[in-house]
Amino acid sequence: MKILQVIDTLNIGGAERVFVDMSNILLENSQKIEVLFLLECGVLKPELNQNIKIHELNRSKKWSLKKMKECGEVLKTFDIIHCHFRHVYRYISLVNTIFPFKGKVILHDHYGAIDVDQKIPFLFSTFFQPNYYIGVSKTLTLWAEKKLSIPTKNVFLLENIIIKNDVELKKERNYDFILVSNIKPVKNNIFAVKLAQKMDKSLLLVGQNQDSNYFTKINNATTEKITINSTISNAQSVMYWADFGLHTSISETGPLVLIEYLAKKLPFLAFETGEVAKTLKNYFPLYFIDNFDLEQWQERINKIKEMPVDYAKFDLVFEKEFGSKNYCQKLKAIYLCILNKT
C-alpha cells in the first residue's frame with residue numbers, strides 16, 4: 001500500500017500540524033508514505049521526518065494544465081491519495097478528471113467553522129462529491145452523510161492527536177494566560193483580550209494573522225500586558241511561558257491546542273466546542289464552559305486555580321486518548337477498508 005499525503009503548503013495551523021504528525025507516524029510504523037505540496041513545503045517542513053520523500057508542485061497558476069499533468073504523474077503511482085482541506089481535494093479531483101489515475105482519493109476535512117457554516121462547497125454535491133471522507137469530529141461526519149449524501153460506510157471519524165514534544169520546562173513564568181489560536185473572528189481572540197484586561201492579567205496570543213481587519217482590532221485592544229506573537233511554529237515549546245491556557249473559539253473540530261495543553265500539563269479553560277473538547281470534558285469537566293460571560297469565566301478560572309493540578313492524570317489521559325499507536329491503527333484500518341471497496 002503506497003500512501004500519498006497531499007496539502008497545499010505547511011503554514012502554521014492545526015490541520016498542518018496534523019499533516020506533519022500523521023506523515024511521521026505512518027513512516028515510523030513502516031508504511032510507504034510520501035507527501036505532495038501543491039505550492040511549496042512551508043515553514044513546518046523541518047518537522048517532517050527527513051526520510052519522507054517530498055514532491056513540490058510549486059504551482060503558481062491554479063489552472064495550469066502543465067502543472068495538472070505534472071501532478072497527475074505523481075498521483076498515478078499511489079494506492080491512497082489522502083487530501084487535507086476541501087480546496088486541496090477539489091484540485092486533486094479536477095486533476096483526476098483531466099489526467100485520470102487509479103488511486104483512491106480521500107477528503108480529510110478539518111473545517112473548523114462547521115458549527116456556524118454548514119453550506120456545501122462548490123461542486124461538492126455534483127462533479128466532485130467525495131467518495132471517501134474522513135472527518136475530525138462527529139459534527140463533520142454527520143454533515144458529510146446528511147448534506148453531501150456520502151454513504152455512511154464511506155465516512156470515517158478520525159479525531160486529532162499530537163506528538164508530544166520533550167521540551168525542558170523552566171520554572172519562570174512570563175505570562176498569566178496563553179491563547180494558541182490563529183487570529184480571525186471565529187477564533188474569538190478578542191474575548192481572551194477582554195478577559196485578561198478584566199482580570200488585570202498578562203496574556204500571550206500565539207497565532208497567525210488570518211484576517212487583517214480583525215487582527216487590527218485585536219492589536220488596537222492590546223495593552224502592555226498583552227502580547228501577540230505570530231512567529232512561533234511549535235506551540236508546545238512556549239507552553240511553559242504561561243500559568244494557564246485559554247481557548248475561546250466559537251466553532252472548532254479539534255481543537256488541537258487542548259491536546260497540547262494536556263501534553264504540557266497546563267491547566268486551562270475552554271469554550272466547549274469540537275471533538276477533543278467532548279473527550280476531555282469527561283475527564284476534566286471543570287475545564288470547559290458553555291458561554292462567553294466574562295464574569296463566569298473569571299469565576300471558573302479562579303476556582304480551577306484554587307485546586308491542585310493532577311499532573312499524573314494529564315499523562316494518563318493523553319496516552320489513553322491521544323497516543324500515536326492507536327491513531328496509526330485507526331488510520332491503517334481506514335485505508336484498508338477503502339482499498340477493499342470496489
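I began with the packing around helix 5: its buried residues pack against strand 8 (175-180), strand 9 (203-206), helix 6 (212-221), strand 10 (226-229), strand 11 (242-247) and helix 9 (294-306). I note that the model is predicted. Helix 5 spans residues 189-199, and I found it mostly covered, with 8 of its 11 residues buried. I listed these as Asn-189, Ile-190, Phe-191, Ala-192, Val-193, Leu-195, Ala-196 and Met-199. I then checked the backbone just after helix 5, where Asp-200 has a positive phi of about 55 degrees.

I turned next to strand 11. It is largely enclosed by the rest of the structure, because 5 of its 6 residues are buried. I looked up its pairing with strand 8: the two run parallel and are joined by 4 bridges. Leu-179 stands opposite Leu-246 of strand 11. Strand 11 also pairs in the parallel sense with strand 12 (residues 268-271), over 3 bridges. There, His-247 has Ala-270 in strand 12 as its bridge partner.

I then looked at Lys-138, which lies in helix 4 (residues 138-146). I recorded Lys-138 as partly exposed because its relative accessibility is 45%, between the cut-offs of 20% and 50%. Leaving aside neighbours within four places in sequence, Lys-138 contacts Leu-157 and Glu-275. I also took the C-alpha separation of Lys-138 and Ile-250, which is 17 Å for residues 112 apart along the chain.

Tyr-89 and Phe-124 form an edge-to-face pair, at 5.5 Å centre to centre and 75 degrees between the planes. Tyr-89 belongs to helix 3 (residues 86-98) and Phe-124 to the loop between strand 5 (104-109) and strand 6 (132-135), so this pair ties together parts that are 35 residues apart in sequence. I found both Tyr-89 and Phe-124 buried. Phe-292 and Trp-297 form a stacked pair, at 6.1 Å centre to centre and 10 degrees between the planes. Here Phe-292 counts as partly exposed at 29% relative accessibility, whereas Trp-297 counts as buried at 0%. I noted one aromatic cluster formed by Tyr-261, Phe-268, Phe-284, Tyr-287, Phe-288 and Phe-314.

I also checked for charges over rings. The charged end of Lys-2 sits over the ring of Phe-78, 4.7 Å from its centre. That of Lys-164 sits over the ring of Phe-318, 4.5 Å from its centre.

Technical notes:
Residues numbered from 1 in each chain as written. Predicted model: local features only at pLDDT ≥ 70, side-chain atom pairs only at ≥ 80, totals over all residues. Heavy atoms only, no water. Buried < 20%, exposed > 50% of the residue type's maximum accessible area, 1.4 Å probe, protein only. Contact = heavy atoms within 4.5 Å. Pairing = 2+ DSSP bridges. Phe/Tyr/Trp six-rings, centres within 6.5 Å; stacked < 30°, edge-to-face > 60°. Lys NZ or Arg CZ within 6 Å of the ring centre and 35° of its normal.
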